[in-house]
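Q: Could we go through the salt bridges of this chain together? Please have the sequence and structure open.

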Amino acid sequence: MRKNIVFLLAFMMVLSACSGPNSPESQSLEKQSEAVESGAVEAEADARPMVKVDGVVYADTGYKNAMVTCGTPDGEIKSTVEEGKIPANDDESNFGKGYAYQNWEKGYLNVRTDNGWTLFRDIKLKEESDQIPKWVGHFTAKVIQVEDHALMVEATEVDEAFSFKDLLTKPISLPTDHLENGGGGEPTTQDLEGKSVEVYFGGEIKNTQPESSLPISLEEIYRISVK
């Protein structure tokens, strides 16, 4: 038994010596270490949709770009890899092919899906968890009435670049599901009347007809923050 242990230890020492600086095993470990430092390992485990264009890998931000005014694409996704994998070639994604894309500001790309232009971000860019890109539809509003599970507001400030600006001409009904308390703690509708909120949404609105008695509603709401 003792001889077997000694032999096993000797074999392990030889194997370790064989795995020198230039061995495949050593090189593999070095590559893994470099990948961890560069954040590539995290990207491999990232389940978000990704696309590679001009050597840059972009990941889905989960938001629509409401400032796109020109529908002319700059290219099209031509190949695809398995879901969860990082695209290796240009014009390749991990969510399918045939989708048009449009170059945006540095570090960002728009991909046209059935739901409009979705905003993608370079995976190497530092991402602030609570920050929503400025091109996502948003406006400031004043709370004029608090109802059960809803706020009735009127728009007070809207960026000129958003095409929906001239449509927010009557009260807007907002469900409180996405309400956040800017001062911290649990969100509450208490004492909100008269206060201002910042609303982030997908850019699509309903019931905008002036003759309709129904309040405006928003298709997809991302966040309602108390200012």
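Q: Is Glu180 buried or exposed, or in between?
A: In this predicted model, in which local features need pLDDT of at least 70, side-chain atom pairs count only at pLDDT 80 or more, and totals for chains, interfaces and linings use all residues, Glu180 is partly exposed, with a relative accessible area of 40%. Buried means under 20% relative accessible area, exposed over 50%, and partly exposed in between (1.4 Å probe, protein chains only).

Q: With which residue does Glu180 form a salt bridge?
A: Its partner is Arg223, with the closest N and O atoms 3.5 Å apart. A salt bridge is a side-chain nitrogen of Lys or Arg within 4 Å of a carboxyl oxygen of Asp or Glu.

Q: Which parts does that pair tie together?
A: Glu180 lies in strand β12 (residues 179–180) and Arg223 in strand β16, so the pair ties together parts 43 residues apart in sequence. Strands (E, at least two residues) are DSSP runs, numbered from the N terminus. Arg223 is buried, at 14% relative accessibility.

Q: How many salt bridges are there by this rule?
A: The count is four. Among them is Lys64 with Glu220, at 3.4 Å from N to O.

Q: Where do those two sit?
A: Lys64 is in strand β2 (residues 56–64) and Glu220 in the loop between β15 (217–218) and β16 (221–226), 156 residues apart. Lys64 is buried at 13%, whereas Glu220 is partly exposed at 33%.

Q: What does Glu160 pair with?
A: Glu160 forms a salt bridge with Lys165, at 3.8 Å between the closest N and O atoms. Glu160 is exposed at 65%; Lys165 is partly exposed at 28%.

Q: What are the conventions?
A: Residues are numbered from 1 along each chain as its sequence is written, and side-chain values use heavy atoms, with hydrogens and water left out.

Conventions: Helices (H or I, at least four residues) and strands (E, at least two) are DSSP runs, numbered from the N terminus.
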